[in-house]
Amino acid sequence: MDPLDRVVKPKTKRAKRFLEKREPKLNENTKNAMLIRGGNANLTVTEVLKDIYAVKKPFAVLYKRKNITRPFEDQTSLEFFSKKSDCSLFLFGSHNKKRPNNLILGRMFDYHVLDMIELGVEKFVSLKDVKNSKCPEGTKPMLIFAGDMFDVNEEYRRLKSLLIDFFRGPTVPNIRLAGLEYVLHFTAVDGKIYMRSYKVLLKKSGCKIPRIELEEMGPSLDLVMRRTHLASDDLYKLSLKQPKALKPKKKKNISHDVFGTTYGRIHMQKQDLSKLQTRKMKGLKKRPAEKLAEDGGSTPKKSKSA
């Protein structure tokens, strides 16, 4: 039996809090990523992992020791580390003669590998090589994808989904203008993926809307796609399934047009206009003859008492 699968009863309050954090929730926590060096990682791969860790902090774990594993052949060690560190995303770096400067980007579903895409680093500019100001740690990036391949090709479409999952950061209810200061730009063209990182500068423009300039911040990567390990359509659909409690309830008699305008249909009972209360005025009072006509005849006269 796997020691991580056994049922553990907490003996202290600290252990109880730790287990409660790992319990399934309707709104899951922000996904953490683990960055692992292979047994033969060179300096370039190590620097790439360090820079991605700096971008991803505090939702990342960097393993400093080398791990001799081949994810495309055996995934058990990755799944073990995923359970141990509670990470559903991973980036594995390695280097050899056949596949130099190799990165494997992937994600887990129920602590099992769902998607894996192998990328080769052809050009790399580190954070420390760009002598500009950097964004604070934990800044949520704005993600931009350019290139038809991200919409046409299935492998590139899955890569786009994987990159969004990896870099999106926490879900926030509100956004302030000054917080939009970090951009990650991915371009797919001529069989390559170009990753660029920019800091947003808000300049004076003479009006309420500021003038926006982009300043390269690093890291900068030129990538080429190599091997892929994609989940089947059924398993991928299962991983996207939402709990019933989170699904919005369908509202009856409400429709939307192409412009986003909401229309509502109201069902009313048939109105009797004769009983409609109008404004009380002397001129609108009914005469005795009209009242008799409505009643359908004259009322019998009262007999005079003797």
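Guide: Here follow some labels, each set against its definition.
Guide: This is a predicted model, in which local features need pLDDT of at least 70 and side-chain atom pairs count only at pLDDT 80 or more, while totals for chains, interfaces and linings use all residues. Residues are numbered from 1 along each chain as its sequence is written, and side-chain values use heavy atoms, with hydrogens and water left out.

Visitor: What makes the contact between Lys-128 and Glu-47 a salt bridge?
Guide: A salt bridge is a side-chain nitrogen of Lys or Arg within 4 Å of a carboxyl oxygen of Asp or Glu. The N to O distance between Lys-128 and Glu-47 is 3.8 Å, so the pair meets that rule. Lys-128 sits in the loop between strand S5 (112-125) and strand S6 (142-146), and Glu-47 in helix H2, 81 residues apart. Helices (H or I, at least four residues) and strands (E, at least two) are DSSP runs, numbered from the N terminus.

Visitor: Why is Lys-128 called exposed?
Guide: Exposed means over 50% relative accessible area, buried under 20%, and partly exposed in between (1.4 Å probe, protein chains only). Lys-128 has 53%, so the label is exposed.

Visitor: What makes Asp-222 buried?
Guide: Asp-222 has a relative accessible area of 11%, so the label is buried. Its side chain meets that of Arg-196 in a salt bridge of 2.8 Å, N to O. Arg-196 lies in strand S8 (residues 192-203) and Asp-222 in strand S10, 26 residues apart.

Visitor: How many salt bridges does the rule give?
Guide: The count comes to 14. A network of salt bridges links Lys-31, Arg-107, Asp-115, Glu-154, Arg-157, Arg-158 and Asp-165.

Visitor: Why does Leu-177 count as exposed?
Guide: Leu-177 has 53% relative accessibility, so it counts as exposed. Its place is in the loop between helix H5 (154-167) and strand S7 (182-189).
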